[in-house]
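I set out to look up domains, sheets, helices and contacts in turn.

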Amino acid sequence: MFIVLSPSHPDPMYKQVTDQIKNAIASGDLKPDERLPSVRELSEALKISAITIKRAYLDLENEGYIFTRAGMGSFVAGIDRNRLRAEKLAEYRTELSRILATGAKFGISGDDILQLVRQIQED
Amino acid sequence: MTLILEARNLTKRYHDFALKDISLEIPCGCIVAFFGPIGAGKTTLMRLLAHQIPASSGAVQVFGLSYDNREKEIKNRIGYVPQEPSFYADRSVGFNARFAAPFFARWDGGALYRMLDEFKISRETAVKHLSRGQRTLLSIALAFSHEADLLMLDEPTAGLDIILRRAILERLRQFVAGGERTVVVASHITDGLEEIAEYVNFLDEGKLVFQSEKDELLARWKRIHFREGALSPDLVRQLTDMRMQPFGSSGLTRDFSALREQLAPGIASGDVVVENARLDEVLIAMLKGE
């Protein structure tokens, strides 16, 4: 797992943690039933408070990404990869709308962007 | 580039400390900051540049003139704010201002009192009843009140709250905005000057260890975060100030452009994240690297 926290990022720290753990699960970097680092371990490694990590884990648990066993720690839930993919797709949609809107300002059309995507794939 | 201040091999020896061989060229229209740990020689350097103490050897030229034969003329055009400004503590702010006025040819009492009003410092108050921050403000206000072309300030924002600090930084920025005047300041990196300085100098143990344009420095120094195994061991060895931890390590590079190509695939795959280094990180890395 690879987590980078940035104080200048607009998202609060706990959100940066949950988003990056979700990404690790979605990309298969974290596997179902894999044990997550303990709250203490992660807070020491990332040099942020345990409360922030606890909050992130709680959110992940409420959203069904992880589950917690008393005394044993938190684990990656056996989550449907299609659901994760659908969520990622929604993120890409938002991102692409932004790119399209910016492109329009410079006279770059959706077709131009499609062409660029094909070129990149061929490289 | 017109120079406003120039120092050549400036040296000051005390029995237990020496400021050694400082050479500087400071242009017009900018803010130049000196940073460094406590005891690095920041105050000694400021005193030498403002000619408050004589140098053991070396030379300073201000406005192209030498203190040797044009001291009064130079000092007339300098606003100097020492770390511990000295006043007649038992006398009022107004008395101290009237005392300072005759030393300067271009005295502007109106500007002084407008500034003191803004800082909510009454001219009737005895200086001994001012807080440390207020004394600094009085000293800054005096420095701004004789149409100086060069301000030299020794930790001007120490002891100020964030609102006053912002106000002082804004005034310093306005002071140099016309491009003809310059601010030279000694400070700590966390005091806000790092935001407005265009040139940064690092002092350590009496030596000038580094001088650079700030933007250039920040373009070169980056913190590289990387997933374990994402960078070759050879590349990792080139990084300093390493922070190793299981969920992504990071280190500083002092030459990002040289690594940019090697890092590109990692950046594209999200296994490498590049962040601007902070000035304090760079300073600490340089001091450790000595």
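**Entry 1: the sheet with β5 of chain B**

I began with one residue pair: B:Val62 stands opposite B:Leu65 in β5(B). I note that this is a predicted model, in which local features need pLDDT of at least 70, side-chain atom pairs count only at pLDDT 80 or more, and totals for chains, interfaces and linings use all residues. Residues are numbered from 1 along each chain as its sequence is written, while chains are lettered from A and ligands numbered from 1 in the order in which they are written.

I took helices (H or I, at least four residues) and strands (E, at least two) as DSSP runs, numbered from the N terminus. Two strands pair if DSSP finds at least two bridges between them. I found 2 bridges joining strand β4 (residues 57–62) of chain B to β5(B), and the two run antiparallel. I then read the strand order of the open sheet of 4 strands as β2-β1-β4-β5 (chain B), with antiparallel pairing. Its edge strands are β2 (18–27) and β5 (65–66) of chain B, each of which pairs on one side only.

Across β1 (3–13), β2 and β4 of chain B lies helix α1 (residues 42–49) of chain B, running at about 120° to β1(B). For such angles, axes are lines fitted to C-alpha atoms, for helices over the stretch in contact, and angles run from 0 to 180 degrees between N-to-C directions. I counted two residues as in contact if their C-beta atoms, placed from the backbone, lie within 7 Å.

**Entry 2: the sheet with β11 of chain B**

I looked up a further open sheet of 4 strands, with the order β12-β13-β11-β14 (chain B) and antiparallel pairing.

Strand β11 (residues 222–226) of chain B is joined to strand β13 (residues 249–253) of chain B by 5 bridges, antiparallel. Within β13(B), B:Ser250 is the residue opposite B:His225. Helix α10 (residues 256–269) of chain B packs on this sheet, touching β11, β13 and β14 of chain B, and its direction makes about 140° with that of β14(B). I also recorded helix α11 (residues 279–289) of chain B, which lies across β11, β12 and β13 of chain B at about 110° to β12(B).

**Entry 3: domains of chain B**

The domain assignment, automatic or from a database, gives chain B domain 1 (3–215) and domain 2 (221–289). Their centres, taken over C-alpha atoms, are separated by 37 Å. I found 9 residues of domain 1 of chain B in contact with 5 residues of domain 2 of chain B. On the domain 1 side, β9(B) gives the most, with 3 residues.

**Entry 4: chain A**

For chain A the assignment gives domain 1 (13–76) and domain 2 (81–122), with C-alpha centres 29 Å apart. I checked the length of helix α5 (residues 110–122) of chain A: at 1.5 Å a residue its 13 residues should span 18 Å, and its end C-alpha atoms are 19 Å apart, which agrees. The expected span is 1.5 Å times one less than the number of residues.
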